[in-house]
Amino acid sequence: MTRSDAIKIISETYSVDAEYLWDGETHAVFRHPASNKWFGIIMEVKKKNLHIAGYENSDDIEDVMNVKADPILIEDLLHEDTFLPAYHMNKKYWVSIRLEHITEDALRKLVEGSWNLVKPKNK
């Protein structure tokens, strides 16, 4: 899965465009239109900052996507190499996905879960 694949999936599924809040296009934010809350962010991060084994002194870059998830699910996901503790987000409620390692189906499910967690609650 590439960054552009993930952006396309989100755009086509949720009719949401990426927002680039900072200089450049290395961090793409996705907001739920009804709540204005983030349900995802794709970032270009140095592997050493992600604490990936074997890259402690490397400036190699990797695309990761943070999504919101249930803490119990996050605990289970972190047993797989595809997932990391959330980069620059609350690690209890967010998880980082290594985009180059995830399948389209798995990404779709996680994005859908994040979308549902930030949508407005029915009153």
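**Exercise 1**

E12 and K8 are four residues apart in helix 1 (residues 3-14), so about one helical turn separates them. The model is predicted. Find how their side chains meet, and decide whether E12 and K8 are buried or exposed.

Solution. Start with the pairing: the two side chains form a salt bridge, 4.0 Å from N to O. Next, apply the cut-off: exposed means over 50% relative accessible area. E12 has 55%, so E12 is exposed. K8 has 52%, so K8 is exposed too.

**Exercise 2**

Work out which parts of the chain the D59 and K48 salt bridge ties together.

Solution. First, the distance: the closest N and O atoms of D59 and K48 are 2.9 Å apart. Both residues lie in the loop between strand 2 (38-46) and strand 3 (61-68), so the bridge ties together parts 11 residues apart in sequence. D59 is partly exposed at 48%, and K48 is partly exposed at 29%.

**Exercise 3**

Solution. R108 and E104 pair in a salt bridge of 2.9 Å, N to O. R108 is partly exposed at 34%, as is E104 at 41%. The whole structure holds nine salt bridges.

**Exercise 4**

Solution. Beyond neighbours within four places in sequence, T82 contacts S96, I97, R98, H101 and I102.

Notes
Residues are numbered from 1 along each chain as its sequence is written. This is a predicted model: local features need pLDDT of at least 70, side-chain atom pairs count only at pLDDT 80 or more; totals for chains, interfaces and linings use all residues. Side-chain values use heavy atoms; hydrogens and water are left out. Contact means heavy atoms within 4.5 Å. Helices (H or I, at least four residues) and strands (E, at least two) are DSSP runs, numbered from the N terminus. Buried means under 20% relative accessible area, exposed over 50%, partly exposed in between (1.4 Å probe, protein chains only).
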